[in-house]
Amino acid sequence: MLPRQVASRKWLWLGTGVFVAIGLVMIAAWVGFPRKKQTITAILTETGYFEVVPPSTFGGPGTINTIEYLSNGRLELHPTCDVDPAILTGKIQKSPTVDRDLKQSLEKKLDVSAQVRDKLSAVAGMQQVDSIHLKLENANILLISDESLISTRNALLKAECEDAVTQNISNGGVVCQTRSVLEADVVYEIKYRDEISMEEKAKLTSEIAAKLELDAHQGSDDKVSGSQLFFGIRLSPNPIVLKTATGEIKPCTRK
């Protein structure tokens, strides 16, 4: 083979290798990118929200809660003060507008087996559950203005509420107000192992619904659901501070 032909063939192989390498990188990026967003915790974290597990109606905008940050990126709320609904009347704004990319991600079926199993560990027969997927529909944002946060806080921080906040702060707790929440209709789809009977499936679904404080999905023995539940929460960055409380002042954001 002539030297010129050898050189041409080398360049051909080199060029082909470069295109293959680029192709592989693009495929890896295409496959890998969605995986980073496959958990609801990751999806919410990217938008500044903490995941509430299981979704509930607690901790809405304006409420005062003691916060516990979990190592898995989720949040536990411990209601600190009772709120008369009349205090919040006309202060909470509701919008069906959710970022389109966020909306598309939330409407996919997300595998939440690991997260929910923590809450269902006491349910007998959980070994019959193969996986649990979450689907969120009709997502809305509920929020409250900074002005209304202040007026609500001033109205609540009296008597027993003030005592409860003081006690929590003095014990090292972080007491915060909720600025906004993501609300949606929630559906958990449960995949059972093939060997489970219809009667066992129906009974276990009912127990799971009770534990999650949801309802067994009408006409189905493998779904539980709830309407207008809070699944993501965003806190006001400034903690509640009282002169009567002792201890370190901690922010309402993860360190």
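**Labels and their grounds**

Reply: Start with S180. Its relative accessible area is 4%, and buried means under 20%, so S180 counts as buried. Keep in mind that this is a predicted model.

Me: Where does S180 lie, and which residues does S180 touch?

Reply: S180 lies in strand β7. Leaving out residues up to four places away in sequence, S180 touches Y49, P61, L142, L143, G232, I233 and R234.

Me: What makes the pairing of S180 and Y49 a polar contact?

Reply: The distance. The side chains of S180 and Y49 are joined at 3.2 Å, and the cut-off for a polar contact is 3.5 Å between N or O atoms.

Me: Which side chain makes a polar contact with the side chain of D185?

Reply: That of N138, at 2.7 Å. D185 is found in strand β7, residues 174–192. Beyond its neighbours up to four places away in sequence, D185 touches residues including K135, L136, E137 and G226.

Me: Why is I208 called buried?

Reply: I208 has 1% relative accessibility. The limit is 20%, so I208 counts as buried. I208 lies in helix α8, residues 198–211.

Me: How far apart are I208 and M126, in sequence and in space?

Reply: They are 82 residues apart in sequence and 9.1 Å apart in space, C-alpha to C-alpha. M126 is also among the residues in contact with I208, as are L120, V129, I190 and Y192.

Me: How many disulfides are there, and what makes C81 and C161 one?

Reply: A search of the whole structure finds 2 disulfides. For C81 and C161, the S to S distance is 2.0 Å. The cut-off is 2.5 Å, so the pair is a disulfide. C81 is in the loop between β3 and α3, and C161 is in helix α7, 80 residues apart. Both cysteines, C81 and C161, are buried.

Me: Why is the disulfide of C81 and C161 called right-handed?

Reply: Because the torsion about the S-S bond of C81 and C161 is about 85°.

Me: What is the torsion, and the hand, of the link of C176 and C252?

Reply: The torsion about the S-S bond is -100°, and the link of C176 and C252 is left-handed. C176 lies in strand β7 and C252 in the segment after β9, so the pair ties together parts 76 residues apart in sequence. Their S to S distance is 2.0 Å. C176 is buried, with a relative accessible area of 1%. C252 also counts as buried, at 1% relative accessibility.

Me: What pattern do the disulfides follow?

Reply: The pattern is 1-2, 3-4, with bonded cysteines counted along the chain.

Me: How many salt bridges are there, and what makes E207 and K203 one?

Reply: The count comes to 6 salt bridges. In E207 and K203, N and O are 2.6 Å apart. The limit is 4 Å, so the pair is a salt bridge. Both residues lie in helix α8, 4 residues apart, about one turn of the helix.

Me: Where do D130 and K191 lie, and how do they meet?

Reply: The side chains of D130 and K191 meet in a salt bridge, 4.0 Å from N to O. D130 is in strand β6 and K191 in strand β7, 61 residues apart. D130 counts as partly exposed, at 36% relative accessibility.

Technical notes:
Residues numbered from 1 in each chain as written. Predicted model: local features only at pLDDT ≥ 70, side-chain atom pairs only at ≥ 80, totals over all residues. Heavy atoms only, no water. Helix = DSSP H or I, 4+ residues; strand = E, 2+ residues; numbered from the N terminus. Buried < 20%, exposed > 50% of the residue type's maximum accessible area, 1.4 Å probe, protein only. Contact = heavy atoms within 4.5 Å. Polar contact = N/O pair within 3.5 Å; in protein donor to acceptor, adjacent residues only side chain to side chain.
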